[in-house]
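User: I would like to learn how to read charged pairs and surface features from a set of coordinates. Could you take me through some examples?

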Amino acid sequence: MRVKELHPLCCITLESPHGINDNKSSEPVTNLTRSRSLPATSFALGSGRRKVNSLGSESETVAGILYKWTNFGKGWRSRWFLLRNGILSYSKIRRPENLNLLSPSDDVRLIGNISADRLTRMDSCSGRRKQQKTVGIVHLKQVSSFRESKSDDRKFYIFTATKTLHLRTDSISDRAAWLQALASTKCIFPLRSLNGDFSFKSPKDLSISTERLKKRLQEAGMSENLVKECEQIMLSEFSEMHGQIKLLHEERTNLIDALRQLEAANLEAGASGIDDNVYQLTKHEFSSLGRGKYSECSTTASSDDKQEFEDVSEEDEPSFHDTKEYFNEPNACSGSNLSIKRRTKLPDPAEKEKGVSLWSMIKDNVGKDLTRVCLPVYFNEPISSLQKCFEDLEYSYLLDRAYEHGKSGNGLLRALNVAAFAVSGYASTEGRHCKPFNPLLGETYEADFPEKGIRFFSEKVSHHPTVIACHCEGKGWKFWGDTNLRSKFWGRSIQVEPVGVLTLEFDDGEVFQWSKVTSTIYNIILGKLYCDHHGVMQIRGNRQYSCTLKFKEQSILERNPHQVNGFVEDVAGQKAATVFGKWDDSLHYVVGDGVSKTKVSDPASNASLLWKRTKPPPNVTRYNLTSFAITLNELTPGLQEMLPPTDSRLRPDQRHLENGEYEKANLEKQRLEKRQRMSRQLQESGWRPRWFERQGESETFKYTGGYWEARGHRNWDDCPDIFGEFTEDLADSA
């Protein structure tokens, strides 16, 4: 019998989870009948078998065992999950007694073979154990959404405005069955939007008249003074009541506003990754919402519903994040004017490319600075070094995540995500054997990616030595630095040593600084060409944590190349976490001292994923550009009119190379190299960068501001046309 409780104030009938089937039927739940018509292993409980619709129905109940991420100490733990009437509940026990929440005549669809096996095994010892209470519930009929993982075909997530459940099944079919059951809930329990009319009559519109009272008192023969006294008492009482009504009105208005904010936050979460494999439980439309702090890539910790079950508590659950493939997510700011559809492949070549002998070009340049060697355009890729700097921000969501962790007081996870970000920038170099274009002095590049929540700007601030400065602003953080690449050719290899400091500053004042490691390209003349990164990276923090990462140099017989190992330590020198992985694949960590010797793919491994590289694009060219890099030189609609004449996208030789116009690209490259030779003379004659300024002789170039403001007004009067035509007289006068 279902017990109903009447709310004493609002006259709302509420269901009490503790009053459901309190008599605990003594009939054992042993009648398990297999059905072959359902997509996953399915059973019917009770004496009456009814047909279950494949899309679910209001009376259908779904149950089974799911693995739920709890915390970094205990990892994935199995929980008994029950989906009934739009409410998903879960508990720590997995045995038939849990099913006493159901009426004996109800149907239940059990998903997964493991559920049936465990229920059968545990049925024999069920009488010896106490029944435990539900530890968490999610009202799917309220603000909620869910989606499947993009990197693990057994994992999926349930999002609410205040938490995220990270769940995993035993098989792909089990996950599909759970997602189908959740999707059917949307049709049965549509969410009522809070955008409707919730207006209330303002207390200031309330008034009272004492005319009838005065008339009645006068008719009763009361004196004028007594009538006025009664009138004052009446007005005083009304004034006090008016104040109370005003207070209640403000509280109700604030409550409605808070609910609207929660609903908007959920919509933003759903807008972060809407595609064919995303199921939304929200019904209303949205137009101008951006990605909020509850978005897919910045969710809060799952806390096992302590607010809804104050008498039951489970371990606190720090958020466990999967890799986010941003550029596989169409319109992350869906419905917003900031949505930009970016290309997924380069233009088809207009000409057939001709091969060039590398050795014939550089045999006379052994030991020289490769940045000063004039090579044909064949050895270039269609992006500049300015744009290649922005490739380090491909996984900027790691910094968003680090900001949220630090804001919630978890400095260790902030440091770990910063370390993952520092490593992730190398992933795009795998298989990239072509040289980026060397920018002209004063050349710039901007990248405004609202779907990632970042704005990036870079400028070539020095030609000799070649120095590129950059500045990026994200959600709660700023990133800047400059890089001077010193490259040498040693016959069989090219070695590149970056010189410069990269700085990351969060809005709360925490700062991390590091420098890049050495990169080497091997087998220039003979053998298979490959790139490797090696050395020690020190990530220094100004507060509690710092990190040391060692990029292992690849040996000739190395079976497991590209390894990165390191640790995070506190100010006392104690190791707080160990980091390990590959710079071209993924990075994991374990809390505490010592590296896990087990494989991270092993279910028994206690390693947690920090970052995973996105999959390569389907349209691979000889440049091996990533999906992110393919978008960097694109001129999206309306962009060219807003760019300064110094932007890399307007460089003609680079544009011709991207279009496969190789002859034109070579001619333009030779023309622009004449201007490039003027750069040293320009520097010696007092040339200064337009948007960056060095803080001291040995300090980093920092952004001085004003670029985005000038862009808004399209005021580029101080920016020369560096890619235009010039005369020898101009070169002589420089």
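This is a predicted model: local features need pLDDT of at least 70, side-chain atom pairs count only at pLDDT 80 or more; totals for chains, interfaces and linings use all residues.

User: Which parts of the chain does the pair Arg175 and Glu148 link?

Analyst: The side chains of these two residues, Arg175 and Glu148, meet at 3.7 Å, N to O. The pair links distant parts of the chain, with Arg175 in helix 2 (residues 172-188) and Glu148 in strand 10 (residues 144-148), 27 residues apart. Arg175 counts as buried because its relative accessible area is 7%, and Glu148 is likewise buried, at 14%.

User: Where do Arg342 and Glu451 lie?

Analyst: Their side chains form a salt bridge at 2.5 Å, N to O. Arg342 sits in the loop between strand 13 (278-280) and helix 5 (358-362), whereas Glu451 sits in the loop between strand 16 (444-449) and strand 17 (454-462), and 109 residues separate the two. With a relative accessible area of 15%, Arg342 is buried, and Glu451 is buried at 13%.

User: Why are Glu404 and Lys407 separated by about one helical turn?

Analyst: They are three residues apart in helix 7 (residues 397-407), which means a separation of about one helical turn. Glu404 is partly exposed at 23% relative accessibility, and Lys407 is partly exposed at 48%. Salt bridges can also join into a network, as they do for Glu381, Lys388, Glu391 and Arg432.

User: Which residues form a nonpolar patch on the surface?

Analyst: The patch consists of Ile208, Leu213, Met234 and Leu235, which together have about 280 Å² of accessible area. Met234, which belongs to helix 4 (residues 224-271), is partly exposed at 38%.

User: Is His713 buried or exposed?

Analyst: His713, in helix 13 (residues 707-713), counts as exposed because its relative accessibility is 68%. A polar atom of the His713 side chain lies 2.9 Å from the backbone oxygen of Glu709. Met642 is 71 residues from His713 in sequence, yet the C-alpha atoms of the two are 8.9 Å apart.

User: Where does UniProt place the coiled-coil region?

Analyst: The unreviewed UniProt entry places this feature at residues 655-684. In the model, that span is 83% helix and 0% strand, with its end C-alpha atoms 30 Å apart.

Notes: Residues are numbered from 1 along each chain as its sequence is written. Side-chain values use heavy atoms; hydrogens and water are left out. Helices (H or I, at least four residues) and strands (E, at least two) are DSSP runs, numbered from the N terminus. Buried means under 20% relative accessible area, exposed over 50%, partly exposed in between (1.4 Å probe, protein chains only). A polar contact is a pair of N or O atoms within 3.5 Å; within protein, one must be able to donate a hydrogen and the other to accept it, and residues adjacent in sequence count only if both atoms are side-chain atoms. UniProt positions are given in the numbering used here, feature names are shortened, and annotations may be inferred rather than shown by experiment. Patches are made of residues with over 30% relative accessible area and no salt bridge: like charges are joined within 9 Å, nonpolar side chains (Val, Leu, Ile, Met, Phe, Trp, Tyr) within 5 Å. Accessible areas come from the Shrake-Rupley method with a 1.4 Å probe; for residues, only the protein chains shown count as cover. A salt bridge is a side-chain nitrogen of Lys or Arg within 4 Å of a carboxyl oxygen of Asp or Glu.
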